[in-house]
Amino acid sequence: MGGRRILVTGGAGYIGSHTAKLLRSRGVEPVVYDNLATGNRSSVRWGPFVHGDVLDTLHLTRVMERFQPAAVIHFAASAYVGESVEDPSKYYRNNVTGMLSLLDAARQAGLEKMIFSSSCATYGVPASLPIAETMPQVPINPYGKTKLIAEHMLADYAVAFGLHYVALRYFNACGADPEGELGEWHDPETHLIPRALLAAAGRIERLEVFGDDYDTADGTCVRDYIHVSDLAWAHVLAYEHLARGGGNLAVNLGTGRGASILEILETIDRVTGHSVPIAIQPRRAGDPPALYADPSLARSTLGFSPQYSDLDTIVRTAAPFFGLGARP
Ligand SMILES: O=c1ccn([C@@H]2O[C@H](COP(=O)(O)OP(=O)(O)O[C@H]3OC[C@@H](O)[C@H](O)[C@H]3O)[C@@H](O)[C@H]2O)c(=O)[nH]1
């Protein structure tokens, strides 16, 4: 894939910056387009940076015409489930109008390949597990709805204008660059593993565990945790798929294995030598008891299989960013 450029919207963010780094190592220049609303300028280190908003269609079109990227990977979005319930306007604007703006800019600039960050949140509460791509997508919060609408937009632009796309439905992104150059920085931080590590490091008093009375093996919620470097790799595979003329796809990115909150806490204890102080709280609104992927379509269509997504590696790579070392 060498010698090419790829436009990376949201490339200053958590998954976007890990992907930009990986693209560079594959000989591709990532052109990061980001409004820095939640991204970090210091995470843009592997190619040019353009400060801009995806809602600015004209600016996006000019950037595409100037850099002539072979594809766009679209990470830029708002991504807090709870906030989406309180402020749906922000989510429909950034995630739906933002996608419309990007699609129209791409059409204007003649850019035909798009890789999109979708989410397991598009499935809502699944009727059965593991979750296959053919199962109904019935999101239960505005965030999931905006991601599903964006998937429909991609499909409609593909039919009408010949767009080629891959929609990647991430399960729970976690971990950090194994070389230690990038970590997970969200403000506010709401995700389980970073908050658990903050508690283990004594930087917050304790981790609140939202519910221990679910119908799961140990009563806590089960999720499919996938390492951010594995997610980054899936974007490379998705681009290669489109570059060789592969068809449009929507695929799950997960491991196929569910882990409970208590399993995560046990792993942190064992790997870092620091236990996580906890307080059991009532269930968090909108949390499905268990979510994990059927990962077989990503394997058969993209050749994707996770390399870093065992719980020990996830914790070992994430811990240093919270001042915690791994036990030798
Ligand atoms: O402080 C916390 C945070 C989280 N949790 C629990 O840990 C589990 C994971 O929660 P996270 O907030 O990390 O992630 P979620 O499973 O809610 O993922 C969701 O939000 C982030 C989106 O980008 C994902 O697409 C979506 O699936 C849930 O069961 C949650 O209730 C806690 O018990 N305490």
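**A packed helix pair**

Mentor: Helices α8 and α10 are oblique to each other, a class that takes the angles left over once those under 35 degrees (roughly parallel), over 145 (roughly antiparallel) and 65 to 115 (roughly perpendicular) are set aside. The model is predicted: local features need pLDDT of at least 70, side-chain atom pairs count only at pLDDT 80 or more, and totals for chains, interfaces and linings use all residues. Residues are numbered from 1 along each chain as its sequence is written, and side-chain values use heavy atoms, with hydrogens and water left out.

Helix α8 spans residues 261-272 and helix α10 residues 311-318; they pack at an angle of about 60 degrees, with axes 9 Å apart. Axes are lines fitted to C-alpha atoms over the stretch in contact, and angles run from 0 to 180 degrees between N-to-C directions. The crossing of α8 and α10 is right-handed, the near helix being turned clockwise from the far one by less than a right angle. The contact (heavy atoms within 4.5 Å) involves E263, I264, T267, I268, R270, V271 and T272 of α8, and L311, D312, V315 and R316 of α10. These residues divide into 5 nonpolar, 2 polar and 4 charged. Here Ala, Val, Leu, Ile, Met, Phe, Trp, Tyr, Cys and Pro count as nonpolar, Asp, Glu, Lys and Arg as charged, and the others, Gly among them, as polar.

The chain as a whole has 10 helices and 13 strands, which are DSSP runs (H or I, at least four residues; E, at least two) numbered from the N terminus.
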